[in-house]
Amino acid sequence: MPGGGNLLRIRANYISGTAISGVGGSQTTFQLDGVDVTDHHQGGTNINTSIDALQEFKVQQSAYSAEFSNAGGMLNATTKSGTNSFHGSLFEFLRNDKLDARDFFARQREVLKRNQFGGTIGGPLSLPGYSGKDKQFFFFAYEGMRERQGLVFNNIVPSAAMKTGDFSRAGLPRIYDPLSLAAGARIQFPGNIIPANRISPQAAFFNKFIPTPNSGATNFISAPARILDTDQITSRFDRRITDKHQFFARYSYHINRQNDPNSFPELGYAPLQTNAHNVVGSLSSNLRPNVMHELRYNYMPMIVDLIAFQQGVDINGQAGVRGFEETRRPGVLGAFPDFSWSGYASMNGSAFDQRPKTQSLVVHEITDNITWIKGRHIFKFGGKFRYWQPLFTDSKQHVGQFTYNGANTQNPASPGGTGDAFADHVLGLPRQVTRAFPADTFGGQARYWHFYAHDDVKLGRKLTLNIGLRYEYSPWLSGYRNQLGTFDGTNAKPLVIASTTDQIDQSSNFAVPASYALFRDQIRTSSQAGLPLSITATDRNQWAPRIGLAWRPFGENTVLRGGYGLFYEVESSGNRVNNNVVPFKLDETAFNDAAIPVRTLGNFFLGTPLSSTAAPSLGAALTHARMGYDQHWNVGVQRQLNATTVVEIDYVGNKGSFLAATNAVNNPPAGAGAIQARRPYPRYGGINYFTQDASSTYHSLQSKLEQRFSKGLFYLVSYTWSKATRFANAPAVGGNTAWERALAGYDIPHNLAMSSGWELPFGKGKKFLTNSNRVVDALLGGWTTQGIFVVRSGRPFTPTVSRDISNNGIGGQRPNRIGSGKLDSPTLDNWFDKNAFTIPTNFTYGNSGGSILREDRFRSLDFSIFKQFQVTEGTRLQFRAEFFNLTNTASFLAPNPNVDVAAGGRVTSTSNTPRQIQFALKYTF
């Protein structure tokens, strides 16, 4: 099932969005040559080996062997090795926008120039005076890609008149003067126009970076080209030491260079880069005819480097925005800040991704397995040691994050139809602003020890059992330079910071001197508190039983299969060790919540330095927590209808327990008055515990009909009917203690996929034209067609209100629901019925639930046709023509979910690409 997320092509989690049988994509495991190449920071992998370098590939799910760890599905692959004869390939795949269709929202066909090229070669590795035949072999693969891809942005932006304060156009909300408050009401600006002398000079400066609509009255559409260059190599050496001992080593290197355009063209481009290496060594030994031993070593370092937009330019200084002088990143003069306006596209330069930032991940892994065949039993047992160190730098909100929601131009006495977020901006009155010290190196490390034993036993000709038990010692990550802590509000010194002594590392990060000076009276160390360095005590109860069966009670053509397995999830380094506690961080979110606003864009923090009055947010680790796990179970039947056709129906379920989540504890109750002063702990901003108390369920009926290749034809039809839900803390629906059970973001009730291939019956050796001459055979023979058709339900989304109705700083609050919200005939301008929702009264929460509406269903038909040319007896040339989204059918992403803005319910982007055509040549020898 598809996942979601704004994933960069150069990041490992770009391919982690696919949920398998109800487990989120971040938990999917990528195994290559028997070692784990997953990036366990956020999921995915950067070791994306060329398909021409793969020998075998399969997807595993549900109750697999105790040999394997991790909770999600597994993509398991092995690379090719050399043989006694030289074999290889050369290939070139070409896409060009001249062959393609225009994106649904684009004004003209976007740029696409994509060249994917490379080759492989393998064979015996001989040296002078030494023949490698039957003894040692090599294999080498290279693949490169050069892509210039137009990215279609369909942004809702203010008009040129609105930038000058003119909101008189029909359909815009009424805007009121925030300085005219009297008896709880404000006076509307005459003609709905802000006087020129009231326009903020800082807002006028930033307005130069906001494009003017070029499609209708509200939309700016552009398609700047993203630049992406990738190179990868895979090299492998195999050595038959003796008849009993074999060794192989593989080295993979991947470099991805990306240059991203901003959706606001004046902000330009931002360069990004990833370097990933993987070194693997394996020794396989036949200790006895029935005993095999395998030892593997895996080393995987990776570095990601992300640059901000306008990095190196003091944008705030040029604009006259004060309050960010002390938060500049050392060595970086500045970058473009972030602006968010309810009902309009955001203008993001730095804080949206906390750029500039780096990620440096290192893995050392040793696995040891023994297989023992004894009578009806195949025993396998072994273990794994894994050292993982994820380290990061980022810049947080070092140049500011400015949020507007229309609160400063609404009429508080009767807010309906009043107030506009961009009008607030023109006046220079943000609703809230966040600033923070940037972060130097932080992160964590851990050493894992896993052990397992497994037995595949044949109890008879018809019944096979698979029984296994796995134990995992997976401690919680400890902080790099002990940058980790928790919060205990019952203690006079509530901040507990990791340390083996009564002192903390005061040189570990940029914020520490200022932060420690402010909060030293609040701090004690884990040594003083009697807690471990990891703060969270290790969960030592990570036992994972596995059992499966295959039973043929009705003969060889029918198999009943079932199984159960418990699988532990991997802790994300994006949580507890992600620079979340004082004194290693220092940030502040201030609110314009006075009746008459006094905080302005130019001087929102009223001249007060962050290092003197900050009320920082905290992300606290729990002192005790269970490691998250998923229970998988499945039962089904497979029936062979004939020699080539198989039908299979399975019930597949999954229950996730103690899953990673957060619990809020410092949001004030809904009500009037300044937010910060009403917090339970007013010295701090938002406080969230990183908990393990979310849960999930997944139930599905999975079916497939497959005909293996026979008489030139194969096909596969699969259909899944499923439901996935998640239960977690949800402050937006009721404050700190509110919980919600809702459909998971990856819930796809219906998913149909059909694929087929047909080797056309023309040419030599075929049914037709079998005796044709070489010219006819070259033209008409050797053609094959393939097609893939996919249609699935749209993902769920949640209607929200744009403003802080409850007045507690919580985003994504809900409206009241008075109808279904669904439309029988939705349009791109009105995807759902906004009239089915009302705005809650001030200082209350709405009753609308989560994930109650759906985006458009996804539809795609891909088609390819290719021909084989026999060049010589051992060489072939293949021509391919491939058509992606052949019918050029647009599938749409979720609309703007806000029910209280003009842009609410409007769809502005697609979930698929327009039709693209690719040509390829591939030469194999």
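The questions and answers below go from salt bridges to aromatic rings, then to a helix, a loop and the surface.

Author: This is a predicted model, in which local features need pLDDT of at least 70 and side-chain atom pairs count only at pLDDT 80 or more, while totals for chains, interfaces and linings use all residues. Residues are numbered from 1 along each chain as its sequence is written, and side-chain values use heavy atoms, with hydrogens and water left out.

Reader: How many salt bridges does the structure hold?

Author: A salt bridge is counted where a side-chain nitrogen of Lys or Arg lies within 4 Å of a carboxyl oxygen of Asp or Glu. By that rule, the number of salt bridges in the structure is 41.

Reader: Where does E740, the salt-bridge partner of R814, lie?

Author: The side chains of R814 and E740 meet at 2.9 Å, N to O. R814 is in the loop between β36 (796-797) and β37, and the pair ties together parts that are 74 residues apart in sequence, because E740 lies in strand β33 (residues 739-743).

Reader: How many aromatic pairs are there, and what kind of pair do F206 and F336 make?

Author: Rings of Phe, Tyr and Trp (its six-membered ring) pair if their centres lie within 6.5 Å, and planes under 30 degrees apart count as stacked, over 60 as edge-to-face and the rest as tilted. The structure holds 36 aromatic pairs. The ring centres of F206 and F336 are 5.8 Å apart and their planes stand at 85 degrees, so this pair is edge-to-face.

Reader: Is F352, which pairs with F309, buried or partly exposed?

Author: The rings of F309 and F352 have centres 6.4 Å apart and planes at 35 degrees, so the pair is tilted. F309 counts as buried because its relative accessibility is 4%. For F352 the relative accessibility is 35%, and therefore F352 counts as partly exposed.

Reader: Which elements cover the buried residues of α5?

Author: Helix α5 (residues 512-519) is mostly covered, with six of its eight residues buried. The buried residues are V512, A514, S515, Y516, L518 and F519. Contact means heavy atoms within 4.5 Å, and what covers these residues includes β23 (495-497), β24 (523-525) and α7 (610-613).

Reader: With which residues is A836 in contact, leaving aside its neighbours within four places in sequence?

Author: A836 is placed in the loop between β37 (816-817) and β38 (837-838). At 4% relative accessibility, A836 counts as buried. With those neighbours left aside, the residues in contact with A836 are N816, R817, I818, G819, S820 and G821.

Technical notes: Helix = DSSP H or I, 4+ residues; strand = E, 2+ residues; numbered from the N terminus. Buried < 20%, exposed > 50% of the residue type's maximum accessible area, 1.4 Å probe, protein only.
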